[in-house]
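Reader: I would like to go through this structure feature by feature. Please give the general idea each time, and then the case at hand.

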Amino acid sequence: MKKLVLIGTLAAVLAAGSVSCSKKDSTTDVSVLTSKIENCTNTDSLRVYVDQAKAYAQKLVKEGKVEEAKEYLAKIEPVVKKKAPALAGTLSTVETALNKAGNAVGDKTQEAKDAVSDAADSIGSAASQAGEAVADKAGELKDKAADKAGELKDKAADKLQQAANATSEAAQQGAEKVKDLLK
């Protein structure tokens with residue numbers, strides 16, 4: 001006799017589950033699910049509805065909609081507490097897990113922001129160092145160019161002086177020859 005009752009109960013649960021599965025909005029629409037829970041008299045069916053709510057909340061979390069999942073559970077939890085207080089703890093556990101998940105997502109988001117900031121700082125530092133290296137090299141090249149210009153100027157001055165001395169010497173020799181000829 002117990003087997004028949006269990007089979008009948010299982011059939012009722014499956015029927016309730018199949019009815020709720022045939023409608024896409026039955027688990028996603030809070031008002032429909034809360035109405036089902038309020039009107040339900042079978043404990044097993046209540047458990048199925050609570051499991052559907054949990055599953056939908058978990059689906060929202062997987063999609064990254066943690067806040068939406070929290071709001072969904074917050075709307076369903078009062079009805080479950082009123083109708084089946086023993087099952088309300090299940091939703092509270094799920095909500096606690098959602099809070100932790102939301103905090104973890106926030107922490108990971110902050111870590112990602114920090115990593116991007118660190119990378120930007122590193123790139124800025126590297127660019128600054130590269131700029132300093134370029135400036136140092138440019139300064140070295142400028143100093144070398146100035147040194148070469150100074151050397152060339154000194155050589156040109158020496159050559160000019162040599163040419164002036166040679167011209168002066170040649171003029172003096174020419175003047176002596178003219179004196180010798182005039183004598």
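Author: The chain has six helices and zero strands, where helices (H or I, at least four residues) and strands (E, at least two) are DSSP runs, numbered from the N terminus. From the N terminus on, its elements read α-α-α-α-α-α. This is a predicted model, in which local features need pLDDT of at least 70 and side-chain atom pairs count only at pLDDT 80 or more, while totals for chains, interfaces and linings use all residues. Residues are numbered from 1 along each chain as its sequence is written, and side-chain values use heavy atoms, with hydrogens and water left out.

Reader: How many residues does the chain have, and what percentage of them count as buried?

Author: Buried means under 20% relative accessible area, exposed over 50%, and partly exposed in between (1.4 Å probe, protein chains only). Of the chain's 183 residues, 20% count as buried.

Reader: What span should helix 5 have, and how far apart are its end C-alpha atoms?

Author: The expected span of a helix is 1.5 Å times one less than its number of residues. Helix 5 (residues 66-83) has 18 residues and should therefore span 26 Å, and its end C-alpha atoms are 26 Å apart, which agrees.

Reader: Where does helix 5 bend?

Author: The bend at a residue is the angle between axes fitted to the seven residues ending there and the seven starting there. In helix 5 there is a bend of about 30 degrees at isoleucine 76, and proline 78 follows within four residues.

Reader: Which residues of helix 5 are buried?

Author: An α-helix has 3.6 residues a turn, so residues three or four places apart point the same way. The buried residues of helix 5 include Val66, Ala69, Lys70, Leu73, Ile76 and Val80.

Reader: How many aromatic pairs does the structure hold?

Author: Rings of Phe, Tyr and Trp (its six-membered ring) pair if their centres lie within 6.5 Å; planes under 30 degrees apart count as stacked, over 60 as edge-to-face and the rest as tilted. The structure holds one such pair. Tyrosine 56 and tyrosine 72 are edge-to-face, 4.8 Å centre to centre with 65 degrees between the planes. The pair links distant parts of the chain, with tyrosine 56 in helix 4 (residues 43-62) and tyrosine 72 in helix 5, 16 residues apart. Both tyrosine 56 and tyrosine 72 are buried.

Reader: Where is leucine 87 found, and is leucine 87 buried or exposed?

Author: Leucine 87 lies in helix 6 (residues 85-182) and is buried, with a relative accessible area of 6%. Leucine 87 and aspartate 51 are 36 residues apart in sequence and 9.5 Å apart in space, C-alpha to C-alpha.
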